[in-house]
Number of protein chains: 2
Amino acid sequence: MNVYYDSQSISKENFKYATLLIIEDNNDHWQLIQLALSRSLPEVKATRVATPNQAIEYLKSCFLQGIDLPKLILLDLYLPTREDGWELLQQLKHSTSSYKHVPVVILSYSNDQEDIADSYFYGSTSYITKPTNVNDWESYIQKLRIYWWETVTLPNDRLVI
Amino acid sequence: MNVYYDSQSISKENFKYATLLIIEDNNDHWQLIQLALSRSLPEVKATRVATPNQAIEYLKSCFLQGIDLPKLILLDLYLPTREDGWELLQQLKHSTSSYKHVPVVILSYSNDQEDIADSYFYGSTSYITKPTNVNDWESYIQKLRIYWWETVTLPNDRLVI
């Protein structure tokens, strides 16, 4: 308690044991995201899976193998349908989920108001409209870095689980 | 669908009918936040309430009077106890809540790991450790602006409710 704001210490703590899980079924998009991550967030180990089942298996394996849970999850909504993305989101955010506290950012080309509102309703932390080129991706990842790693305080599973 | 990334159009849409609800029981903190908001987010109308009951009454009155729901909620965790903050957070994020889709950012001086993890678990979108002076507050509000208003796509209640 009463440890005052110090962005350097917040940042240092967030980067400790930091991994990022990306659930993306499109290989071309993953190439763009991977390149942008290597430029704008090189300190964070990124793991990519392509399906909801692989995502759940990966998260379960973190517990079984003692690997750190991701600090943040980026979830493509259309996997390949939005119902697939929402089902996974609801599974992650279910009250009995061991991953409920991990923030999930939805990524999608869609700017359909139902997609946006329902993603927030089902528990996504925010909704980001996918850019189409690597420079815009780099700018997005830079903004994710500034907000999630350098401003916000992320949970530290090494201390709470 | 398939409307590509254009940060200017995202920003323009997020700023439309944009209000921000701040639930803060400490008058000194509210003064700092208010000053920082006037400098870094002057386009967004900020409403401050001091108690959980006032917050629920305000949100209900939005529906009754046809006022736009806030695009984002900033919630002081200790109101005055953390149990008060969590109870309100769970009420806002309950499956039957009409405000469930509105992102809630927790503000607190505490960097207690239980406070942080439980805030995420109960559905806060992120957790921010309160700064102590107006310049740091201004920098924080600037980062909230860049992330929530200029990067993320926020729900537009005028179209979905």
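In chain A, helix α4 (residues 82–92) lies across strands β1 (19–23), β3 (72–76) and β4, and its direction makes an angle of about 160° with that of β3(A). Helices (H or I, at least four residues) and strands (E, at least two) are DSSP runs that are numbered from the N terminus; angles, from 0 to 180 degrees, are taken between N-to-C directions of axes fitted as lines to C-alpha atoms, for helices over the stretch in contact, with contact meaning heavy atoms within 4.5 Å. The model is a predicted one, in which local features need pLDDT of at least 70 and side-chain atom pairs count only at pLDDT 80 or more, whereas totals for chains, interfaces and linings use all residues. Residues are numbered from 1 along each chain as its sequence is written, chains are lettered from A and ligands numbered from 1 in the order in which they are written, and side-chain values use heavy atoms, with hydrogens and water left out.

The strands of chain A form an open, five-stranded sheet with parallel pairing, in the order β2-β1-β3-β4-β5, two strands being taken as paired if DSSP finds at least two bridges between them. Its edge strands are β2 (45–49) and β5 (126–129) of chain A, each of which pairs on one side only, and from one strand to the next the twist averages 20°. Four bridges join β4 (residues 104–108) of chain A to β5(A) in the parallel sense; in β5(A), Tyr127(A) is the bridge partner of Ile106(A). A further helix of this chain, α6 (residues 134–149), lies across β1, β3, β4 and β5 of chain A and runs at about 165° to β5(A).

In chain B, five strands likewise form an open sheet, with parallel pairing in the order β2-β1-β3-β4-β5. Strands β2 (45–49) and β5 (126–129) of chain B stand at the edges with a single partner strand each, so one side of each is left without a neighbour in the sheet. The twist between one strand and the next averages 20°. Strand β4 (residues 104–108) of chain B pairs with β5(B) over four bridges in the parallel sense, and Leu107(B) stands opposite Ile128(B) in β5(B).

Some backbone features fall in loops. Most residues other than glycine have a negative phi, and most peptide bonds are trans. A cis peptide bond, with omega of about 5°, joins Leu79(A) and Pro80(A), and Pro80(A) has its place in the loop between β3 and α4 of chain A. In chain B, Leu79(B) and Pro80(B) are joined by a cis peptide bond with omega of about 5°, and Pro80(B) lies in the loop between β3 and α4 of chain B. Tyr17(A), a residue other than glycine, has a positive phi near 55° and lies in the loop between α1 (7–15) and β1 of chain A.

The same surface serves both copies, since 98% of the contact residues of chain B recur in chain A.

Grid points are joined across faces, edges and corners, and a volume is the space filled by probe spheres set on the points. The largest pocket has a volume of about 590 Å³ and is lined by 28 residues, with Lys93(A), Lys100(A), Lys93(B), Lys100(B) and Gly123(B) nearest its centre. To this lining α5 (113–121) of chain A and α5 of chain B each supply at least two residues. By class, the lining of the largest pocket has ten nonpolar, 14 polar and four charged residues, where Ala, Val, Leu, Ile, Met, Phe, Trp, Tyr, Cys and Pro count as nonpolar, Asp, Glu, Lys and Arg as charged, and the others, Gly among them, as polar. The structure also holds three cavities of 30 Å³ or more, and the largest cavity has a volume of about 70 Å³. It is lined by 13 residues, of which Leu69(B), Lys71(B), Pro155(B), Asn156(B) and Asp157(B) are the closest to its centre; the lining of the largest cavity divides into six nonpolar, two polar and five charged residues.

Key. 1 Å grid on protein atoms, 1.4 Å probe; cavity = no way out; pocket = protein on both sides within 12 Å on 5 of 7 lines; lining within 4 Å.
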